[in-house]
Amino acid sequence: MTGDNDLSPARLRHARFAIAAVFCTHGAVTGSFATRIPWIQDHAQLSAGTLGLALAFPALGAAFAMPLAGRINHRFGARTALRGLLAMWTLALILPSLAPSLPALCLTLLLYGATAGMSDVAMNALGVETENRLGHSIMSSLHGMWSVGALLGSAAGTVAAHTGTDARLHHLVAALVLTAGGLIAVRGVLDLRSDAEAQAPPHFAPPPKSALFIGAIGFCAVFAEGASLDWSAVYLRDVLHTDAGLAAASTTAFALTMAVARLAGDRVVDRFGPVRTVRAGGVLATAGGLLVVLARHPGAALAGFGMIGLGIAVVVPLAFAAAGRSGPAPAQAIAGVATITYTSGLIAPSAIGAVADATSLVVSFGLVTLLAFALVVGAAVLRQRPPVGQSGGGTGEKAGPADRDDRGEPLDIRP
């Protein structure tokens, strides 16, 4: 990658804050949407099963559109590509609440998922490039800022739901505010472009084998995240019979714990190493899932969703870091892991709905609990050796979080 010749410490700090603001904006869209899913369900007169069907369409949109993000970055440069893709995503928030029926909702969610996937890949790719130039880990805190955005969006959604505000008005105002904020934030990110002689990436390339197991761990974490974000409010309303305001607060509680854990995640991983951190998180998330399933009081379920958020918070940033060190083509590996993990997040809501329609929402979150336990079993795949001749993720600095073993000790990274 070339461009943005000013790589002074001050410029890099500014770029870090700018990409963090982009992550925050992206998360706020998700939080704004998730808290109003019960309103959208009632407005379109959908059962749990048909709602789950509709929520499969973001996954379809993302699956087809995500591979295009690389070509868009190559053609326009990272900053211009991110500017357009982020604006498309924030404005797509307007669409789902306008849908009066299942077919209309499916179409709007298809577009919603496509813009979500492309902007997500673009901002994560730029986040990794910014981390490489800074020389130390920032990915956990960037994902923490995404969770802060989800928290802010869900908090506003909780207020809107509690006051009975029409979701169409709520999402229109939120989309306009977030679009303006996102455009301002993108102005400060690094302006990177592909080398002139570099070949354009293919429209679609399967992830390398080295990324598949890493992607599987990310899949489990993001499935639990997507299920909790999109179904926690419905769970409290339908299973524990809470009012709309308290039900929406479950999404806020989940986003809050995710944000706190991710913002502190870089230091925790430096201290204990990625494998031990993910194993401990898996135990905590499994306990939280069991608490949700067994809850007979809203307070217990709220605590359970919070524990799930704490447990899975740092898994995805660590998956990206491990992918970048997993083989000879780090960019392709990162793209592959991103596609697997974020498609999981878009698949999760529909899968939860399908299981709930066949059995119950309690059984659905039993599935979430099993996937959380899979983090305990599979955490070792995140213990990845950096590419030959590199240290600290190729930054030239000391060994970073992904360069440590399960005891938190630096790996031998000599060629």
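This is a predicted model: local features need pLDDT of at least 70, side-chain atom pairs count only at pLDDT 80 or more; totals for chains, interfaces and linings use all residues.
**How the pairs cross**

| Helix pair | Axes come within | Crossing angle |
|---|---|---|
| α11 and α13 | 8 Å | roughly 30 degrees |
| α10 and α16 | 9 Å | roughly 155 degrees |
| α1 and α9 | 9 Å | roughly 170 degrees |

**α1 with α9**

Let's start with helix α1 (residues 9–34) and helix α9 (residues 167–186), whose axes cross at roughly 170 degrees. That angle is over 145, so α1 is roughly antiparallel to α9. On the α1 side, the residues that meet α9 are A18, A21, V22, T25, A28, V29, S32 and F33. Their partners in α9 are H170, H171, A174, L178, G182, A185 and V186. Sorted by class, this contact has 10 nonpolar residues, 5 polar ones and no charged ones.

**α10 with α16**

Next up are helix α10 (residues 209–238) and helix α16 (residues 361–378), with axes that cross at roughly 155 degrees. This makes α10 roughly antiparallel to α16. The crossing here is left-handed. From α10 come I217, C220, A221, F223, A224, A227, S228, W231, V234, Y235 and D238, and they meet L361, V362, F365, L367, V368, L371, A374, L375 and G378 in α16. The classes in this contact are 17 nonpolar, 2 polar and 1 charged.

**α11 with α13**

Now take α11 and α13, where the axes cross at roughly 30 degrees. Since that falls under 35 degrees, α11 and α13 are therefore roughly parallel to each other. Their crossing is right-handed. In α11, the residues L246, A249, S250, A253, F254, T257, M258 and A261 take part, while α13 brings P298, L302, F305, G306, I308, G309, L310 and I312. The contact of α11 with α13 holds 12 nonpolar and 4 polar residues, with no charged ones.

**The second largest pocket**

Both of those helices turn up again in the second largest pocket: α11 (244–272), α12 (274–294) and α13 (298–312) are the elements that each give two or more residues to its lining. The pocket's volume is about 220 Å³. A total of 16 residues line the pocket, and V268, T277, G281, L310 and V314 are the ones nearest its centre. L310 is also among the α13 residues that meet α11.

Which helix gives the largest share of the lining? That would be α12, with 6 residues.

Key
Residues are numbered from 1 along each chain as its sequence is written. Side-chain values use heavy atoms; hydrogens and water are left out. On a 1 Å grid over the protein atoms alone, a cavity is a set of points where a 1.4 Å probe fits but cannot get out, and a pocket is an open set with protein on both sides within 12 Å along at least five of seven lines; lining residues have an atom within 4 Å of a point. Grid points are joined across faces, edges and corners, and a volume is the space filled by probe spheres set on the points. Helices (H or I, at least four residues) and strands (E, at least two) are DSSP runs, numbered from the N terminus. Axes are lines fitted to C-alpha atoms, for helices over the stretch in contact, and angles run from 0 to 180 degrees between N-to-C directions. Angles under 35 degrees count as roughly parallel, over 145 as roughly antiparallel, 65 to 115 as roughly perpendicular and the rest as oblique. A crossing is left-handed if the near helix is turned anticlockwise from the far one by less than a right angle, and right-handed if clockwise. Contact means heavy atoms within 4.5 Å. Ala, Val, Leu, Ile, Met, Phe, Trp, Tyr, Cys and Pro count as nonpolar, Asp, Glu, Lys and Arg as charged, and the others, Gly among them, as polar.
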